[in-house]
Each structure stands twice: as structure tokens, then as C-alpha cells.
Amino acid sequence: MKLQETLELHVKAAVKALFESELESVEFQATRKEFAGDITVVVFPMLRVVKGNPAVIGEQVGQYLLDNVDLVRGFNVVKGFLNIEIDDAYYLDFFQSIKDDNTFGFVEVKEDKAVMVEYSSPNTNKPLHLGHVRNVLLGYSVAEILKASGKNVYKTQIINDRGIHICKSMLAYQKFGQGETPTKDLKGDKLVGNYYVKFDQVYKSEISELVAQGHSEEEAKKNAPLLLEAQEMLIKWEAGDEDVVALWKKMNQWVYDGFDVTYKNIGVDFDAYYYESNTYLLGKEFVAEGLKTGVFTKKADGSVWCDLTEDGLDEKIVLRSDGTAVYMTQDIGTAIQRIKDYPDVGGMVYTVGNEQDYHFKVLFLILKKLGFDWAKNLFHLSYGMVDLPSGKMKSREGTVVDADDLIQEMADTAEEISKELGKLEDYSEEEKKALYKTIGLGALKYYILKVDPKKRILFDPKESIDFQGNTGPFIQYTYARIQSILRKATTASLSDLDNANIVLHDKEKQLIKQLELFPEVIQNAAEQHSPALIANYTYDLVKDFNSFYQNVSILGADTEEEKSFRVALSKSVSQTIKNAFQVLGIEVPERM
């Protein structure tokens, strides 16, 4: 039983014995640093059932706990706050229970129902960019956190592989590609992205020509020959034209191969793939079903709508008058198909930018109205944009920060800074290269994941690779420092530490208290779908370790027993850093 739960029972017993009153609950908070104590009981809420001066009530409850509860070794009252000091034995017993547990904080799968997490979901007309990187890192990390919290998880994406934007890059390639194919130096996704940019350049010049001939800009945009050709190509694709479909398959495969390289570089994976070209018609049968049950209504022009005005939203079209599907139709069908494919899924997490907040409110509500029980367990992991010091990114203008280039830039920056620090003399070139990538990727991932998903990020690569402060490299460096200590330690077996001979230093106690929080942080992060909680917890743990390291001698301890204990404590801290970083998708180096 956790400390708080144990104390709550004892505080309730104290109030019953002292005042013959029943408390429904007890409010706790962390003890402020300027007062002695490990946990604080807030007395004011007790005044609902116990009349009197809160400071006096605090004194009485504190004395009762000191007299009757072994784990309480002292107390003090500051106004209406009862600060309780906990006996070292409690913390030492806790530490004994976790010190050999390499999966500390993680819970074995205990639920039948699985969660499906969707992330990435790119278009096949351009490579992945910085915006996708935030999406991918968030989705992957949330999936890993849910897994660590005891849930079965499937990772998936829907690939947007059809539509006018795909035809734009296809048409530009057909016209200007001259048979160019991907090479070792030009991945397929980049090659296709180049033609998407090329389309935009030619399209803009055609608009300028039409405007110069006297057309309005609006007319010019609609009637530019290149756009009309792209629209014609889309019609041919939907009609199954062999040549168009063959080109579409070839170029999409180039893109998928390119994406795979990027995903491998970032260190993420997927269990299932869905393609818009397969799913855009999926929702139609459920629209027909919803028409029968009154969830949807048909208008005079034949279009089908869902009226959500009573739910505080508006009317939403789910089928056009010509019978073609809209995005909402597709998303309804895809959600239902996923449950058919994975019957154990009881909920889904959609990692999609906050510009789609309204779309997901509508989607979840429609699925509920269609009678799907699992629809109550759908969550939109909405996140803010990533900005750069130089401003916004635009794909069609080719001003995006390419994901592969970014990963390389992070490794280069890590190399530059590591050389300045000059600590890698005995590394081979291969080891250095691997380390630069680990540090660079760790910096990128941590910088993005430490921020609440809902907030916008201004991403500064240099700032993210600082070896001081709340950064990935600072935490990685601390982990590597602990490994160095463990390599030097020649202590006896750590499995038989004798609590009776150990008196905890304040810094040791603080570290154990911080370790004790980890399982709860995992559960909270899973509940809130927030990797930021894990990232910032890890930073706090590392700060506590560094304070301990500076104030308490580990290998130079007075007794062999103290030394063994401090080495064991350091080992547990490093394992917890590793576990925390594992769910963030960040590697930790053994040496730095």
C-alpha cells in the first residue's frame, strides 16, 4: 500500500478516536522545503466535520499519529498544515522492494481491451517534415506509455494516398520527370516531393500569365491549364485508368520506401497500416444504415447530413449529392473497420494537430449516435504547431524542414558540441558516429516531448543540445555518469543490504521519495496522454541525483555497507531514467 493510502487510514482513525467524527477523505500535499517533514496533511477540509482551531486540531492529530503509528517519527504544525516526518525504515523497505526490479514503474498487461493509437498519417506527395516529427514522437510515446501503464496497444496510421494533391506531384513528374528514379542520395519521398514543389511553381507562373491577359486572379487560379490537367488525372484515377493507376502505384511505393527509412531513423514503428484509397468508400454502408435509424437525413439534392445542433455543434455533411464520400465518411468507415480487424480494441487515440479539433468532436459524436459502445473511449490527442526561429513552414513552396535533414543536423550539432567538450578521445569513429546520433535524436525527442502537447513549440536545435538544464543530453549524460560509477564499484552483493545499519542522508531520502513517484507518474501520463509528465519527472529525478552526487560520497563512503547502499541507489536511479526514456523513445548511452 502506498504511503498516502496508509496515512489516510491512520488520519481517519485519529479523527474518529479524538473527535468521534468520520472523515470522507484526507487531503495531502508535498511538504514545503522550508519545513521538516515528508508529507503534509491539510487540516482545513476537516473543519467540515470537526469544529475548532485548525492548528490545535493538527497538533492533536499529529500527536496521535506519533503515539500510535510506527512509520511516523515526528511532526510539526504550521497554521493549518500538519507536516509529518516518516521513519527511514519505510523508505528503506520500499527501496529494498524495487532495487532489483528492471521493469520498475511498468505494469504487466492487465486489461482484455486494447487501445489503438494512430499517428503520422502522412500524404504521399512529400517527405516527412518537422510537423510530422512532433506527431510521430507524440503518438509513439503515448503508445509506449499506455503499454507501460498495463494496456494492450496497437500502433497504426492512415496514409493519405489519394486526391488532387497526389495527382499534382504525379502530373508534374509525368511532364518534367524525364524518367528520374530514386537513388542512394535521393530517397523516393524526396523525389516525389520535388515534383509537388515543381507543380506549384509552374501553376503560379500560369496564374501570372492569365492575370496578365486580363483574367481575374480567382478565374486564373481555377482555369490554369496545369490544375485542369491534374483534376482530369484525378477523374481518371477514380475511374481506374490503367496508366494513371500504374504511375500512382509506382510513385507511392517510392514514397513508402522513403518513409520506412525515416521511421527507422527516428526509431518508431507500426503494427497496422490503413490507406485512404482503400477506406474512402468504407463509410458509405454505415451512412445507409444511419439513414434507416434516423441518425442521418437526406436533403432535396440527395446529399446526406447529420444534424448535431442539439449537441451544440452544427449540421455535418457525410455524403455529397453525387454520392461521393467526404473525409468524415471515410473516418467513420475506418474507425469501424479497425474494430472489425482488431476485435479486442476498446478505444482509440488519434494523434492529429489542433486544427482538426472540431472534426474529431463531430466524428466521435456521430459514432456514438450510430450506437458503437467503444465510441465513448475515443480520444483526440490534439497538439500545437512547431515553429522555427525563421518562421512557418510551407510544403508546396519547399520551405519545410525535412525530417531526415533535421535528424542529420541534430547529429552534426551533437558532434560539434561533443568535440568542444573533448571527452571522446578513446572512441572509434564508428562509436562516435553512433553516439552523436543517440545524443542528437535524444535532444530532438526530449525537446519536443517535454512540452505539453497542446502548446505550440518554437524549436531551436542548438538550445535542445545544451548539456546543462532541462534537455535530453543533460539527462543522458547523468545516466552515463552513473554507469561509470557502477563500472568502478567493487561492492559486495547488493541483494542482502541490512536496513538496520543504514541511516538515510537527506539527499538519499529525497532520491528514494522521487523514485517512489515513478509508477504514479506513468499512470498519470497514460491517463492524460502526456509524455511531458514523464520527461519533466525524469529531469527532477536527475536534478535530485546530481545534488546527491555532489553532497554524498558514493565510492568513498565510510563503510562498505554505506557504499553498497549508495551504489545500489545509483543503479536504481539509472534504471528508472532508462525506463522513463524508453517510453519516450529515447536511447541512453553507456558512456559519454
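This is a predicted model: local features need pLDDT of at least 70, side-chain atom pairs count only at pLDDT 80 or more; totals for chains, interfaces and linings use all residues.

Now switch to the C-alpha trace. Along its principal axes, the trace of the protein chain spans about 90 × 65 × 45 Å. Go to cartoon, and the secondary structure comes to 20 helices and 14 strands. The chain has 592 residues, and 54% of them count as buried. As for what touches what, take the contacts with a separation of 6 or more: 73% of them join residues 24 or more positions apart.

Next, colour by charge. There are 69 positive and 92 negative charges in the protein chain, and their mean positions are 3 Å apart.

**Stop 1: the cavities**

How many cavities of 30 Å³ or more are there? The count is three. Go to the largest cavity, which holds about 60 Å³ of space. To find it, select its lining: Ile 98, Lys 99, Asp 100, Asp 101, Asn 102 and Phe 104, together with Lys 571, Ser 572, Gln 575, Thr 576 and Asn 579. Then show helix 20 (residues 560-584), which supplies the largest share of that lining, with five residues.

**Stop 2: two positive phi angles**

Select Ser 121, in the loop between strand 5 (114-118) and helix 4 (130-148). Check its backbone: phi is near 45°, a positive value in a residue other than glycine. Is Ser 121 buried or exposed? Its relative accessible area is 17%, so Ser 121 counts as buried, the cut-off being under 20%.

Now jump to His 529, which sits in the loop between helix 18 (506-528) and helix 19 (531-551). Phi of His 529 is near 50°, again a positive value in a residue that is not glycine. With a relative accessible area of 11%, His 529 is buried.

**Stop 3: Lys 284**

Select Lys 284 in helix 11 (residues 284-293). Its relative accessibility is 30%, so Lys 284 counts as partly exposed; that label covers values between 20% and 50%. What does Lys 284 touch, leaving out residues up to four places away in sequence? Show Leu 319, Gly 323, Thr 324, Ala 325 and Thr 329. For a distance, pick the C-alpha atoms of Lys 284 and Gly 323: the two residues are 39 apart along the chain, and those atoms are separated by 8.8 Å.

**Stop 4: Val 211**

Finish in helix 6 (residues 188-212), where you will find Val 211. At 36% relative accessibility, Val 211 is partly exposed. Leave out residues up to four places away in sequence, and Val 211 touches Ser 216, Glu 217 and Ala 220.

Key. Residues are numbered from 1 along each chain as its sequence is written. Side-chain values use heavy atoms; hydrogens and water are left out. Helices (H or I, at least four residues) and strands (E, at least two) are DSSP runs, numbered from the N terminus. Buried means under 20% relative accessible area, exposed over 50%, partly exposed in between (1.4 Å probe, protein chains only). Contact means heavy atoms within 4.5 Å. Lys and Arg count as positive and Asp and Glu as negative; His and the chain ends are not counted. The place of a charge is taken as NZ of Lys, CZ of Arg, CG of Asp or CD of Glu. On a 1 Å grid over the protein atoms alone, a cavity is a set of points where a 1.4 Å probe fits but cannot get out, and a pocket is an open set with protein on both sides within 12 Å along at least five of seven lines; lining residues have an atom within 4 Å of a point. Grid points are joined across faces, edges and corners, and a volume is the space filled by probe spheres set on the points.
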